[in-house]
Amino acid sequence: MSTPETEIWHNPRCSKSRAAVAHLDAAGTEYSVRRYLDEPPTVAELRVALDRLGAQPWDITRTGEDIAKELGMAEWGRTEADRDRWLAALAEYPRLIQRPLVFTAGRAIIARDADALDSLG
């Protein structure tokens with residue numbers, strides 16, 4: 001049996017994440033689920049994910065989360081020199097990662113709505 005080409009980083013407690021799973025199911029998409037709070041991504045995996053998304057770590061950070069506020073992330077720099085600090089925080093506190101993230105063979109998106117999911121084709 002082959003591994004599905006689509007993967008979703010899923011938090012079942014998140015309504016947007018549950019909606020993305022329902023959307024994939026309704027579309028008949030074969031996918032694998034990574035419960036990223038239970039199996040946090042490493043810094044290396046985050047680098048790959050960000051490259052695929054065409055994003056920076058601050059682009060996928062939930063800065064409104066309590067831990068982000070405690071860390072003062074809103075004031076952190078957003079330059080290449082600051083990237084490792086952001087990546088380390090996301091790896092240590094995966095709850096800070098925007099959800100859900102969906103990866104296909106050719107694309108990656110932050111799947112916050114049906115239009116984003118439809119863009120996967």
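Biologist: Where is the place of Pro 100?

Modeller: First, the ground rules: this is a predicted model, where local features need pLDDT of at least 70 and side-chain atom pairs count only at pLDDT 80 or more, while totals for chains, interfaces and linings use all residues. Residues are numbered from 1 along each chain as its sequence is written, and side-chain values use heavy atoms, with hydrogens and water left out. Helices (H or I, at least four residues) and strands (E, at least two) are DSSP runs, numbered from the N terminus. On that basis Pro 100 sits in the loop between H4 and strand E3 (101-103).

Biologist: Which peptide bond joins Arg 99 and Pro 100?

Modeller: Look at omega. The angle is about -10°. The bond between Arg 99 and Pro 100 is cis.

Biologist: Is Ile 109 buried or exposed?

Modeller: Ile 109 lies in strand E4 (residues 108-110). Buried means under 20% relative accessible area, exposed over 50%, partly exposed in between (1.4 Å probe, protein chains only). Relative accessibility is 7% here, so Ile 109 counts as buried.

Biologist: Which residues does Ile 109 touch, not counting residues up to four places away in sequence?

Modeller: Contact means heavy atoms within 4.5 Å. Pro 100, of the cis bond, is one of the partners of Ile 109.

Biologist: How far apart in space are Ile 109 and Leu 50?

Modeller: In sequence, 59 residues separate Ile 109 and Leu 50. In space, C-alpha to C-alpha, the distance is 9.8 Å.

Biologist: Why are the buried residues of H4 on the same side?

Modeller: In helix H4 (residues 83-92), the buried residues are Arg 83, Trp 86, Leu 87, Ala 89 and Leu 90. They share a side because they cover an arc of only 160° around the axis. That arc is of the directions from the helix axis to the C-beta atoms. An α-helix has 3.6 residues a turn, so residues three or four places apart point the same way.

Biologist: In what order do the elements run from the N terminus on?

Modeller: The protein has five helices and four strands. From the N terminus on, the order is β-α-β-α-α-α-β-β-α.
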